[in-house]
Protein chains: 2
Amino acid sequence: MTTPALSAMQPGDPAVVLLSGGLDSATCLAIAQDQGFEIHAISFRYGQRHEYELDRARQLAELHAVRSHRVVEIDLAQFGGSALTDPGLSVPKHDSVEQLGGEIPITYVPARNTVFLSLALALAEVVGSRDLFIGVNSLDYSGYPDCRGPYIEAFETMANLATKAAVQGARPLKVHTPLLHWTKAEIIARGLELGVDYSITSSCYDPGPGGTACGRCDACLLRSKGFALNGIRE
Amino acid sequence: MTTPALSAMQPGDPAVVLLSGGLDSATCLAIAQDQGFEIHAISFRYGQRHEYELDRARQLAELHAVRSHRVVEIDLAQFGGSALTDPGLSVPKHDSVEQLGGEIPITYVPARNTVFLSLALALAEVVGSRDLFIGVNSLDYSGYPDCRGPYIEAFETMANLATKAAVQGARPLKVHTPLLHWTKAEIIARGLELGVDYSITSSCYDPGPGGTACGRCDACLLRSKGFALNGIRE
């Protein structure tokens, strides 16, 4: 008895891309498109204080002419526990990127990437996709556990046991993390090569009115450093 | 250097229990309570056509005097692909339990347990729990991939890499599945021992007005058989 051949990815295959509206996910979207995938983008209104990023996600989806874009409502704020969703907690501010420490910061949202990837998995199953893209990054990041390689591999293993397609012998589901080992500067450099319009993207955890970046949260500092290393001043 | 001792469960430890309002999750709740856990119940309004089950979940939570009960809104119907969430698809009906086949039925909801467990994981992290309870069952069930042992083990592995508690050296998170290898009749027998009031629970996938069970969907047929084997006619 021979095992049925599992065909490789074909150009035009559907991929589900997690699109936050930030620079990482915008780059990830461009990379997936460059690899020939047809994109189903998924964004989340999860109670984040920086909800304006969803407008940026919509603009990016439109600009990249994705096949579909869904904004899924899931209120993670009701659980609390994070400065990103709890107005009673302050987003930490720093004067320079060197002050970012090794601790998991209060901006960590409990199980966020697991919830997001699970919903992306549900969408993938419905649109017949075996490819998820997520712009996690383990280097220039804040030490979140759900942005690391071993976590992503474990999610992939679980996903391949979770779904109807998996047990019916489809090509194994793959969680693509093209940015995982890149610095923020390398991410931006690749995005620029692919023509990403970073003026649309947003990164700030604690924006002012109209989405003005605070310039001093972890995300702002890492972003500025990344652009500076590419010789760009935003 | 010694590894810090990971303490075992202590009476009164918090556990997160997935509570649908059906008989499996009601039994699971009673078992968790019998083991000495303090219960944080979580239910989902996910676009199911049998939403009346949420009223049953609320009654069960109240009767069992749980520490907290949350009903989380997550619209899986927007993805489609299941007779449980898509009014355009019919719930299959049968004349007897012997007609239930080996195929994964149209009532399968894409990635449902993965989405539910992920949200339970987020809640567990916030309430400081290392114990999730889910009433999945691989015997008298309809062949759903996300109700099997290897899937649950893979989820547990992933969860232990996903969260802040995990990387900070807390007791490993455990996904408890006390019903996994029991028949429906065994589940009911154990629940009766523990005093579960099954008149509150509901199982039907396609109820009529007021939550009247159809009597002919997979869930109704499995439930009736389980009660009949315990000498009970509902």
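This is a predicted model: local features need pLDDT of at least 70, side-chain atom pairs count only at pLDDT 80 or more; totals for chains, interfaces and linings use all residues.
Let me begin with a term: a residue is called buried if 20 or more other C-beta atoms lie within 10 Å of its own, exposed if 12 or fewer do, and partly exposed in between, with the C-beta atoms placed from the backbone. By that rule S82(A) is buried, because 25 other C-beta atoms lie within 10 Å.

Residues are numbered from 1 along each chain as its sequence is written, and chains are lettered from A and ligands numbered from 1 in the order in which they are written.

To stay with S82(A) for a moment, this residue sits in the loop between strand 3 (68–73) and helix 3 of chain A, where helices (H or I, at least four residues) and strands (E, at least two) are DSSP runs, numbered from the N terminus. Setting aside residues up to four places away in sequence, S82(A) touches I106(A), T107(A), Y108(A), V109(A) and P110(A), a contact being two C-beta atoms, placed from the backbone, that lie within 7 Å.

Now to the sheet in chain A. It is an open sheet of 5 strands in the order 3-2-1-4-5, with parallel pairing, and two strands are said to pair if DSSP finds at least two bridges between them. Strand 3 and strand 5 (174–176) of chain A are the edge strands, each pairing on one side only. Strand 1 (residues 14–18) of chain A pairs with strand 2 (residues 38–45) of chain A in the parallel sense over 5 bridges, and within this pairing A15(A) has I39(A) as its bridge partner in strand 2. Helix 1 (residues 23–34) of chain A lies across strand 1, strand 2 and strand 4 (131–133) of chain A and runs at about 170° to strand 1; axes here are lines fitted to C-alpha atoms, for helices over the stretch in contact, and angles run from 0 to 180 degrees between N-to-C directions.

The same surface serves both copies, since 100% of the contact residues of chain B recur in chain A.

The contact takes 36 residues from chain B and 36 residues from chain A. On the side of chain B that touches chain A, helix 3 of chain B gives the most, with 9 residues. Helix 3 (residues 112–127) of chain A and helix 3 (residues 112–127) of chain B pack at an angle of about 170°, with their axes 9 Å apart. These two helices are therefore roughly antiparallel to each other, a description that applies to angles over 145 degrees, while those under 35 count as roughly parallel, 65 to 115 as roughly perpendicular and the rest as oblique.

Finally, strand 1 (residues 14–18) of chain B has 4 of its 5 residues buried, so this strand is largely enclosed by the rest of the structure.
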